[in-house]
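Load the model in your viewer and follow the stops below. Each one says what to select and what is there.

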Amino acid sequence: MRWRGAPAGSDRKISSWQLDTKKFNRTFSYLTSPYSHNGFIHALAYSPDGTSIASASNDKTIRLWGRYTGNFQRTLNGHTDAVLAVAISPDGKTLVSSSADKTIRLWDLQNYQQRCILTQHSAAVNTVVISPDSQTLIIGSNDTTIKLWNLHTGELFCTLTGHSTAVLSLSISLDGQTLASSSRDGIIKLWHIQTGELLKTLSGCSPLAFHPDGKTLLSGGNNGSIKIWQQMPGFDQFTPNRILSGEWWQVLGVDQYTHPKEAKLAYLGLAKLYHPDVNNSVSAKASMQAVNQAYREFQAQLTADG
């Protein structure tokens, strides 16, 4: 039986649902409280065996729960500000938490003791992922950097720079070769983890998730949309798997009443993505035509309204 949680609960509750029937199952309650935490819940992480869940909250704590029963197991204390992200290593030995207090903390899941504190970021740490082999910890921060650490020694061995605003989401392909990162300005970057090489820049938002096939990336888009990117056979770049269509604001991925500056930025971002100099696929050519037409319609509307 499979369950879905509510990872970011402004109501301070974690709820589980049965996926096949979409039926509500239970709320995870902390002791005698009807709530799971005393603050906003930013993130959840499942243990590799699927039996436990870790939650991260504004109340500065991490809590561990039985996945099937919803029973509270224990609280991990140590952060001095909101806990923004949490991850459990694939080998089930280490829990990693990151916080607005600018630290990353490593917890030993055998004895639940804090094993290490990492402090190389100069701003809140928003997102945490661990490589499939449980060797590398990757962190994204408000300071615009991505840092790679040895999960076992706590050694910082690489810093990736390229984003110009806060890094909000990270995802690693199942083969451990590719890292996707997204930032507050609506930019996604793809990196080769072993070399730190920047492979590709895309236009999209948080959150990010790689499909197990390693060739499909899902990301957020503007106006509540989801973007699906695919790595085409014989073409080593990720491209959208559909031709853009719709009203001009839908094609540009902005609100219908957006500021002209925002519309122009969206247009320029899409032009960089679909221009034939960087993307020679048939779908990209059609999408570039749609982008140009959408921007012409936007400009015509500005003239008419003026």
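Start at the hairpin. Strands 12 and 13 form it, with five residues between them. Select Ser134 in the turn: its phi is positive, about 60°. Strands here are DSSP runs (E, at least two residues), helices are runs of H or I with at least four, and both are numbered from the N terminus. Two strands pair if DSSP finds at least two bridges between them.

This is a predicted model, where local features need pLDDT of at least 70 and side-chain atom pairs count only at pLDDT 80 or more, while totals for chains, interfaces and linings use all residues. Numbering runs from 1 along each chain as its sequence is written, and side-chain values use heavy atoms, without hydrogens and water.

Next, select residues 136-141, strand 13. Its pairing with strand 12 is antiparallel, over five bridges. Pick Ile130, then its bridge partner Leu137 in strand 13.

Now colour residues 125-130 by burial. Six of the six residues of strand 12 are buried, so the strand is largely enclosed by the rest of the structure. Buried means under 20% relative accessible area, exposed over 50%, partly exposed in between (1.4 Å probe, protein chains only).

Move to the open sheet of four strands, order 8-9-10-11, paired antiparallel. Its edges are strand 8 (83-88) and strand 11 (113-118), each pairing on one side only. Select residues 94-99, strand 9: five bridges join this strand to strand 8. Ala85 has Ser98 in strand 9 as its bridge partner.

Finally, zoom out. The chain has three helices and 23 strands. Of its 306 residues, 48% are buried.
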